[in-house]
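Here is a short briefing to read beside the sequence and the coordinates. Please keep the viewer open while going through the points.

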Amino acid sequence: MNSTSAASRSPGRLPAEVTSFVGRSAELDELSALVARARLVTVTGPGGVGKSRLALRAAARLAAGFPDGAHLAELAPVQDPLLLGHAVLEALRLTDHTARPPLDVLVEQLADREALLVLDGCEHLVDACAELADALLRAALLRAAPGLRVLATSRQSLRAAGEHLLPLAPLPYLAADGDGADPEAMLLFADRAAAVRPGFRLEPRNRAGVALLCRRLDGIPLALELAAGRLRALSVEQLAARLDDRFRLLTGGERTAPARHRTLRTAIGWSHELCTMQERLLWARLSVFAGGFDLDAAEYVCAGQGLDQDDLCELVDSLVDKSVLERLDGEGSVRFRMLDTLREYGAHWLRAGGDDRRLLRRHRDWYLGVATWGEVEWFGPRQAETAERTRLAHPNLRAALEFSLAEPGEEQLALVLAGTLWYFWVGTGHLGEGRHWLDRALALAPEPTDARAKALWVTGYLATLQGDLDRARPALEECRRQALETGDDRALAYAVHRQGCAALIGDDPARAAELFEEALWHYDTLGELNSNVLMAMFELALTRLFQGDEERGRAGIERLRETCEEHGEQWAYGYCLYAMAFARRQAGDLRLARSFARESMRLNHLFRDLLGIVLAMDLLALLATEGPDADLHEARVLQGAAHRLWRAVGTPFFGSRSFNGPHLECERRARDGLPDDAYAAAFRLGSRLDLDAAVRRALDGGPSDPPPDGGDTDRPGPPLDPARPYSPVRA
């Protein structure tokens with residue numbers, strides 16, 4: 001199989017390699033035409049027939065016709081139907097901090113968009129996918145905005161209203177009468193053979209052997225690719241003869257071709273038997289991975305009991321050569337993934353050998369280590385790398401959590417893993433999914449352990465950020481009570497800290513300040529210093545500013561700034577910059593206030609932290625109403641953009657008077673200074689900007705390019721650079 005860049009497997013992006021896939025031109029034209037006129041199209045067919053590649057080729061062809069883009073959600077690693085909405089949100093790079101069901105968020109975000117959503121691999125989530133597609137498309141019709149299209153791939157239809165089916169058959173392997181062209185199955189085999197043996201092409205001396213291979217394999221693309229991989233060691237004629245013998249053995253000498261499902265299984269089985277014993281063993285063990293993995297993970301999980309760790313690299317290379325594994329090349333790293341059909345085959349042998357629970361436990365242990373190391377590295381200059389590494393591990397982290405929750409006796413480790421991942425849930429906008437795992441783990445493990453205490457304060461933290469104080473307060477109070485009873489001073493510090501957050505959002509700044517001071521005292525006594533501690537410093541300083549205590553507020557900000565710069569901390573520093581901007585505006589220094597607010601937005605955008613982004617945007621909107629270069633129109637545009645973001649955070653921050661102050665003041669000034677029609681038009685323009693476009697506009701201080709027709713625009717420009725070096729802004 002062709003290797004592909006890791007970037008092409010990022011959430012929502014269409015893999016680049018599908019555009020070079022051989023054949024299927026008629027089906028591609030038919031599918032493209034179907035998607036153009038139907039709102040829901042499902043490509044159906046057996047495993048290995050090429051459903052995903054055809055759908056992705058069609059999406060790549062049609063993407064330019066969808067102003068809001070084409071987006072891919074790979075669903076094979078998602079086993080829990082309740083996580084479908086979270087997976088699609090992630091694929092679309094949509095972040096929502098509220099406690100609303102993901103389906104409601106998707107309906108709101110997508111119903112008025114002109115976009116193509118590709119749901120790849122729906123067969124194990126058919127009912128949930130049907131419900132999702134139906135809800136999205138019904139909402140689009142109700143809003144008279146039928147620009148949304150859903151393209152699904154599945155081994156069976158979704159049976160959703162308005163669904164159009166494109167059954168996909170294997171490639172034709174017999175030449176058409178009177179047509180001298182080679183059939184598509186032979187062309188695909190030749191293309192894959194050339195990747196194995198450079199210079200290979202169809203010619204008179206090998207054409208009969210290739211034709212026999214394609215006929216024996218029923219034109220199934222995956223079977224053809226696996227067979228082509230054997231050409232490193234065999235000629236076409238040898239390959240055809242051995243495969244012919246293999247089929248006669250399995251079918252009792254029948255002259256008719258076996259059923260297609262048996263054909264694929266036979267082809268995979270033959271490829272499996274041609275592997276060495278160690279390669280077969282590794283194939284089975286690698287089936288525990290969901291999505292991609294790197295060599296380090298493979299070595300830890302799969303080595304031992306028959307597989308020497310020193311041999312793993314060579315064995316993985318061999319499975320890539322045999323098309324069992326796909327290599328994903330990224331910048332400075334190499335990852336691997338296994339096609340779902342091959343993964344299912346390997347999992348069958350793993351279960352048959354009775355080794356599946358041991359391997360799943362080792363897999364869980366590795367990803368618990370990934371989470372633990374990520375929590376450590378989150379405090380320091382490698383936060384962006386940690387966020388990306390955890391994002392890549394996300395499908396496997398889900399699998400590890402699912403195993404721990406399903407396996408009797410592993411509930412405490414489920415609590416540990418879900419709690420340790422707080423930095424990922426909070427720092428990269430996965431609050432809803434974090435709550436999903438934490439709630440399940442807490443329900444299964446009610447005993448008062450250290451792991452439960454941590455899971456409780458993390459739950460309280462996530463619920464507070466979602467505005468769900470009815471859940472946050474009892475979770476934090478239980479954590480505090482348990483900590484006092486068990487002498488867990490660390491859990492006590494975190495519980496008190498997060499109780500302060502709940503008080504601040506609940507408009508009780510005096511009580512919040514008391515709790516933040518108590519938490520910081522506990523942290524100092526324990527010698528605790530990490531991003532949570534820095535956020536407590538930020539929250540106390542901001543509370544002082546809200547109370548009008550500018551001197552102590554600025555002193556706290558300066559201490560926080562120095563600590564962030566000393567340790568290279570970026571996430572908390574993004575919030576520190578917001579507080580710095582808030583304080584500089586209070587002092588009348590509008591230039592520095594704008595500079596700090598923009599840098600705060602840039603850093604928070606790096607982590608997709610919606611709260612940090614929208615706080616900075618609202619402050620920039622207010623700053624746009626002040627000074628000699630005040631621009632009330634631009635201020636109102638930014639308010640419109642902020643309004644859209646606030647809906648994904650909690651409008652605005654759950655009604656907090658303190659956090660809502662800049663928003664209300666800006667709104668008053670713009671209303672007083674703009675005609676009613678201009679006031680409404682500017683807000684409408686801003687509310688149509690997507691996240692990246694809104695951030696770009698705020699960072700640029702205005703629109704980069706006017707719309708070509710002079711009207712509104714909500715189309716995103718070039719992507720913001722997430723790799724820009726960390727460079728603290730200083731006064």
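The points below go from the whole chain to single residues and pairs.

This is a predicted model. The protein chain has 731 residues, and buried residues make up 58% of them. Its secondary structure comes to 32 helices and nine strands. The mean pLDDT is 86.

**Confidence**

- In the protein chain, 88% of the residues reach a pLDDT of 70 or more.
- Residues 1-9 have a pLDDT below 50. Beyond near neighbours in sequence, this stretch still has 32 contacts in the model.
- Residues 704-731 also stay under 50 in pLDDT. For this stretch the model has 51 contacts beyond four places in sequence.

**Whole chain**

- Take the contacts in the protein chain with a separation of 6 or more: 74% of them are between residues 24 or more positions apart.
- The protein chain exposes about 29,100 Å². Carbon and sulfur atoms supply 51% of that area.
- The whole structure holds 58 salt bridges.

**Helix 14 and what follows**

- Helix 14 covers residues 340-352, 13 residues in total.
- From first C-alpha to last, helix 14 reaches 18 Å, close to the 18 Å expected at 1.5 Å a residue.
- Which residues of helix 14 are buried? They are Thr341, Leu342, Tyr345, Gly346, Ala347 and Leu350.
- Glycine 354 follows helix 14 and has a positive phi, near 70 degrees.

**Alanine 493 in helix 22**

- Alanine 493 sits in helix 22, which runs over residues 489-505.
- Alanine 493 has a relative accessible area of 0%, so it counts as buried.
- Leaving out residues up to four places away in sequence, alanine 493 touches Ala519, His522, Tyr523 and Leu526.
- Valine 533 is 40 residues from alanine 493 in sequence. Their C-alpha atoms are 9.7 Å apart in space.

- Arginine 452 and glutamate 478 meet through their side chains in a salt bridge, 3.0 Å from N to O.
- Arginine 452 lies in helix 20 (residues 450-465) and glutamate 478 in helix 21 (residues 469-486), so the pair ties together parts 26 residues apart in sequence.
- Glutamate 478 is partly exposed, at 23%.

- Aspartate 507 is found in the loop between helix 22 and helix 23.
- Aspartate 507 is not a glycine, yet its phi is positive, about 65 degrees.
- Why does aspartate 507 count as buried? Its relative accessibility is 18%, and the cut-off for buried is under 20%.
- Aspartate 507 forms a salt bridge with arginine 657; the closest N and O atoms are 3.7 Å apart.
- This pair links distant parts of the chain, 150 residues apart.
- Arginine 657 counts as exposed, at 61% relative accessibility.

**A pair inside helix 30**

- Arginine 669 forms a salt bridge with glutamate 665, with the closest N and O atoms 2.8 Å apart.
- Both residues, arginine 669 and glutamate 665, lie in helix 30. They are four residues apart, about one turn of the helix.
- Arginine 669 is partly exposed, with a relative accessible area of 23%. Glutamate 665 is partly exposed too, at 24%.

**A salt-bridge network**

- Salt bridges with shared partners join Asp356, Arg357, Arg361, Arg364, Asp365, Glu407 and Glu410 into one network.

**Arginine 608**

- Where is arginine 608 found? It is in the loop between helix 27 (590-606) and helix 28 (610-623).
- Arginine 608 has a positive phi, near 55 degrees, in a residue other than glycine.
- Arginine 608 is buried, with a relative accessible area of 11%.

Terms used: Residues numbered from 1 in each chain as written. Predicted model: local features only at pLDDT ≥ 70, side-chain atom pairs only at ≥ 80, totals over all residues. Heavy atoms only, no water. Helix = DSSP H or I, 4+ residues; strand = E, 2+ residues; numbered from the N terminus. Expected span 1.5 Å × (residues − 1). Buried < 20%, exposed > 50% of the residue type's maximum accessible area, 1.4 Å probe, protein only. Contact = heavy atoms within 4.5 Å. Areas by Shrake-Rupley, 256 points an atom, 1.4 Å probe, with all protein chains shown as cover. Salt bridge = Lys/Arg side-chain N within 4 Å of Asp/Glu carboxyl O. pLDDT = per-residue confidence, 0-100.
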